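Biologist: Could you walk me through this model before I set anything up with it? I would like to start with the overall picture and then go into the details.

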Amino acid sequence: MADRSHTQRRKDRQEKEAKEKTKDGTKVKNEGEHAQDNGEVPSAGASSANNATVDAQDEDLQLEPMELPPFEIAAGDRIDPFAFKFQFKNVEYSSGRNKTYLCYLVDKGNTDDGLLRGCLEDEHTGPHAEEAFFTQCLSDYSPSLKYTITWYVSSSPCSACAAKISDELNAKKNIKMSIFASRLFEWEEAEIQAGLKALQKAGCKLRMMKPLDFSYTWDTFVENEDQPLNLWEDCKDNYEYYHEKLADILQ
């Protein structure tokens, strides 16, 4: 008797829940129809008409192409520390590193200018930093002075920039130049290797950046807020890897 009473109560509860669901569903349907009649929810026909109107307006609207400003080389005294740690990291595969950072020192000999220091960066979409150096930083070049130029670059020059630098050095014998590179740019390509050899022949000293060079660049060219550089774990191993590759190219 007790079991039948329990079963009956469960059955009554299920029937009650079913009735409430049916009631709620009817209420939602009626509310939806009421909203559509009042214009709160567009009907299928109204939606199609509105889409047709928007399409017609889009056809009438013609956007003129926007002309982008020419690319400019960014110049300054210091590099952002996060940019330095990413761009100068001497990894073997430089995925995502589509800029060249160039830190330079220029000594004009016995002049009142002292040691000139600065940084350039590009995005490989316009004049490269290497080319911009000669037009922006040596715009007052004088054949009567003796220049000693040192670069610390995030990657070695491309073939076009190597040719440009070689031409400058061959034409201006009063310039002595050293390039310290964090990475070798596409060093497996024959034209890149030819460009590096041309640089060496023109008198440019090519070196890979040692761990000590990274620390020097950090201290000299980076907004480091007096914080020391914590070198990445494989910095020395990667230097030795690139040093060997460069030696093989220049031999």
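**Overall picture**

Modeller: Of the 251 residues of the chain, 35% count as buried, and please keep in mind that this is a predicted model.

Biologist: OK, and how many helices and strands does the chain have?

Modeller: There are eight helices and six strands, and, read from the N terminus, the elements follow the order α-α-β-α-β-β-α-β-α-β-α-β-α-α.

Biologist: Let's go to H8. Which residues are buried there?

Modeller: The buried ones in H8 are Cys235, Asn238, Tyr239, Tyr242, Leu246, Ile249 and Leu250. They cover an arc of only 100 degrees around the axis, which puts them on the same side of H8. As a general point, an α-helix has 3.6 residues a turn, so residues three or four places apart point the same way.

Biologist: And what do the buried residues of H8 pack against?

Modeller: They pack against helix H6 (190–201), strand E6 (205–208) and helix H7 (211–221).

Biologist: What span should H8 have, given its residues?

Modeller: With 16 residues (235–250) at 1.5 Å a residue, helix H8 should span 22 Å, and since its end C-alpha atoms are 22 Å apart, the two values agree.

Biologist: Switching to helix pairs, how do H5 and H6 pack?

Modeller: Helix H5 (residues 159–171) packs with H6 at an angle of about 15 degrees, and their axes are 8 Å apart. Angles under 35 degrees count as roughly parallel, and H5 and H6 are therefore roughly parallel to each other. Their crossing is left-handed. On the H5 side the contact is made by Ser159, Ala162, Ile165 and Ser166, and on the H6 side by Glu191, Ile192, Gly195, Ala198 and Leu199.

Biologist: At what angle do H4 and H5 cross?

Modeller: The axes of helix H4 (residues 129–137) and H5 cross at roughly 30 degrees and come within 9 Å, and these two helices are therefore roughly parallel to each other as well. In this pair, Glu130, Glu131 and Phe134 of H4 meet Cys161, Lys164, Ile165 and Glu168 of H5.

Biologist: Now the backbone. What is phi of glutamate 186, and where is that residue?

Modeller: Phi of glutamate 186 is near 45 degrees, a positive value in a residue other than glycine, and the residue sits in the loop between strand E5 (175–181) and H6. Glutamate 186 is partly exposed, with a relative accessible area of 46%. For context, most residues other than glycine have a negative phi.

Biologist: And aspartate 226, is that buried or exposed?

Modeller: Aspartate 226 counts as exposed, at 75% relative accessibility. Its place is the loop between H7 and H8, and its phi is near 60 degrees, which is again a positive value in a residue other than glycine.

Biologist: Last one, leucine 145: where is it found, and which residues is it in contact with?

Modeller: Leucine 145 is in the loop between H4 and strand E4 (147–153), and it is partly exposed, with a relative accessible area of 23%. Leaving aside its neighbours within four places in sequence, leucine 145 is in contact with Lys108, Thr111 and Asn174. The C-alpha atoms of leucine 145 and aspartate 107, which are 38 residues apart along the chain, are separated by 9.7 Å.

Notes: Residues are numbered from 1 along each chain as its sequence is written. This is a predicted model: local features need pLDDT of at least 70, side-chain atom pairs count only at pLDDT 80 or more; totals for chains, interfaces and linings use all residues. Side-chain values use heavy atoms; hydrogens and water are left out. Helices (H or I, at least four residues) and strands (E, at least two) are DSSP runs, numbered from the N terminus. The expected span of a helix is 1.5 Å times one less than its number of residues. Buried means under 20% relative accessible area, exposed over 50%, partly exposed in between (1.4 Å probe, protein chains only). The arc is that of the directions from the helix axis to the C-beta atoms. Contact means heavy atoms within 4.5 Å. Axes are lines fitted to C-alpha atoms, for helices over the stretch in contact, and angles run from 0 to 180 degrees between N-to-C directions. Angles under 35 degrees count as roughly parallel, over 145 as roughly antiparallel, 65 to 115 as roughly perpendicular and the rest as oblique. A crossing is left-handed if the near helix is turned anticlockwise from the far one by less than a right angle, and right-handed if clockwise.
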